[in-house]
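Biologist: I would like to learn how to read a model of this kind, feature by feature. Please give the general idea and then the case at hand.

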Amino acid sequence: MASFLVVSARKFVKHEQIFIALITKKIQWKARPLGNAKKKDNKIDKMKIAIIGTGNLGKSIAKGLITNNAITTLYLTKRNLEDIKDLEGYKNVVLSTDNIEAVKHSDILIFAVQPAHFEGILNDLKPHLTEQHVLISTITGFEISKIEAQVGSDQFIVRAMPNTAIAVGKSMTCLCSNEKGKKRIQIAEAIFNRLGHTLAIPETQMQAATVVCASGIAFWMRLIRATTQAAIQLGFDAKEAQQLAMYTSEGAASLLITSGNHPEEEIDRVTTPQGCTITGLNEMEHQGLSSSLIQGMVASFDKINTIKKKQI
């Protein structure tokens with residue numbers, strides 16, 4: 001019995017010493033990867049990227065790639081380079097009016113040109129494409145079958161629909177690919193995940209994704225503006241009002257992203273019986289807030305389908 005007590009006491013002292021050491025940070029634990037943890041794909045870090053057509057969206061993508069250090073080299077092409085001169089000084093960024101030059105020096109080609117110019121550009125570049133190239137199109141309404149008709153189905157082809165929040169690393173980007181492109185869609189995910197969040201979807205949903213995610217930026221801006229105007233009417237100056245609107249909307253989205261909850265769950269946390277929040281919500285619904293937003297998005301979807309038919 002005595003020996004048992006001695007051993008127990010020693011264990012207690014030892015455990016107590018370990019505990020104290022942890023508290024005083026004398027022991028530092030080193031995180032070890034789990035056996036099934038995915039290693040970082042070094043090939044992604046070595047990719048050479050070209051953006052063909054550095055307009056508003058192309059420039060947003062470029063800024064995001066540069067900010068997140070997601071490039072080895074980055075070629076930016078545009079007819080008039082004056083519009084992108086501010087990107088000239090960055091390391092490993094090359095501005096050019098020559099699409100062929102950009103293709104020859106790159107592995108990943110991100111197309112952000114106007115739909116009317118896309119076929120002609122693909123035809124010009126086809127002789128210079130290799131089996132290693134990954135083609136990523138951000139062209140609204142331009143289906144993979146049309147791209148394959150220009151360059152062949154033996155190319156890695158991915159369609160991406162980012163939004164302009166890509167410039168600040170917060171884009172919601174939807175992706176789809178041709179059959180061969182499925183082998184490289186992880187490359188597109190790796191690129192765009194550094195610039196926000198990605199979701200792989202069937203190509204049949206890309207038109208709807210354009211409305212929800214790309215046009216959605218404008219829809220949310222209008223809601224934030226309306227909130228700002230209300231705050232001004234309630235007594236805040238314009239600058240304060242916009243801060244209140246911006247950071248409250250950011251907080252609302254972050255709550256859903258972090259918790260995974262449905263919006264109504266978070267609404268229930270804020271509303272109280274006969275309170276000011278539920279009174280305001282009910283008045284907004286009486287005035288058609290939800291139905292107006294839904295109808296506007298459906299109208300946008302109808303319009304994008306009209307554009308698609310004209311292209312066909």
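Biologist: How many salt bridges does the structure hold?

Modeller: Side chains of opposite charge can pair when their charged atoms come close. This is a predicted model, and the structure holds 7 salt bridges. One of them joins the side chains of Asp-83 and Lys-78, at 3.9 Å from N to O. Lys-85 forms another with Glu-88, where the closest N and O atoms are 3.6 Å apart. Lys-182 and Glu-179 also meet through their side chains, at 3.2 Å from N to O.

Biologist: Stepping back, how many helices and strands are in the protein?

Modeller: There are 12 helices and 8 strands. The protein has 312 residues, and 33% of them count as buried. Its accessible surface comes to about 20100 Å², with 56% of that belonging to carbon and sulfur atoms. Contacts can also be sorted by separation along the sequence. Among those between residues at least 6 apart, 60% join residues at least 24 apart.

Biologist: How do I read the burial pattern of a helix? Which residues of helix H6 are buried?

Modeller: An α-helix has 3.6 residues a turn, so residues three or four places apart point the same way. Helix H6 spans residues 144–151, and its buried residues are Ile-144, Ile-147, Gln-150 and Val-151. Viewed down the axis of H6, these buried residues fall within an arc of 120°, so they line one face of the helix.

Biologist: What covers the buried residues of H6?

Modeller: The cover includes helix H5 (115–125), along with strands E5 (134–137), E6 (156–161) and E7. Just after H6 comes Gly-152, which takes a positive phi of about 100°.

Biologist: Strand E7 is part of that cover. Where is Thr-173 found, and which residues does Thr-173 touch?

Modeller: Thr-173 is found in strand E7, residues 171–177. Its relative accessibility is 0%, so Thr-173 counts as buried. Leaving aside residues up to four places away in sequence, Thr-173 touches Ala-160, Met-161, Pro-162, Phe-192, His-197, Thr-198 and Leu-199. The side chain of Thr-173 also makes a polar contact of 2.9 Å with the side chain of Ser-171.

Biologist: Is Ser-60 buried or exposed?

Modeller: Ser-60 has a relative accessible area of 11%, and is therefore buried; the cut-off for buried is under 20%. Ser-60 lies in helix H3, residues 56–67. With residues up to four places away in sequence set aside, Ser-60 touches Thr-164, Ile-166 and Ala-167.

Biologist: Where are Asn-92 and Gln-274 found?

Modeller: Asn-92 is found in the loop between strand E2 (73–77) and strand E3 (93–96). Its relative accessible area of 40% makes Asn-92 partly exposed. Gln-274 is in the loop between helix H10 (263–270) and helix H11 (276–286). At 81% relative accessibility, Gln-274 counts as exposed.

Biologist: Last, the surface. Which residues make the nonpolar surface patch of about 310 Å²?

Modeller: The patch is made by Leu-234, Phe-236 and Leu-244. Phe-236 is found in the loop between helix H8 (206–233) and helix H9 (238–259). Phe-236 has a relative accessible area of 38% and is partly exposed.

Terms used: Residues numbered from 1 in each chain as written. Predicted model: local features only at pLDDT ≥ 70, side-chain atom pairs only at ≥ 80, totals over all residues. Heavy atoms only, no water. Helix = DSSP H or I, 4+ residues; strand = E, 2+ residues; numbered from the N terminus. Buried < 20%, exposed > 50% of the residue type's maximum accessible area, 1.4 Å probe, protein only. Contact = heavy atoms within 4.5 Å. Areas by Shrake-Rupley, 256 points an atom, 1.4 Å probe, with all protein chains shown as cover. Polar contact = N/O pair within 3.5 Å; in protein donor to acceptor, adjacent residues only side chain to side chain. Arc of directions from axis to C-beta. Patch = residues over 30% accessible without salt bridge, like charges linked within 9 Å, V, L, I, M, F, W, Y side chains within 5 Å. Salt bridge = Lys/Arg side-chain N within 4 Å of Asp/Glu carboxyl O.
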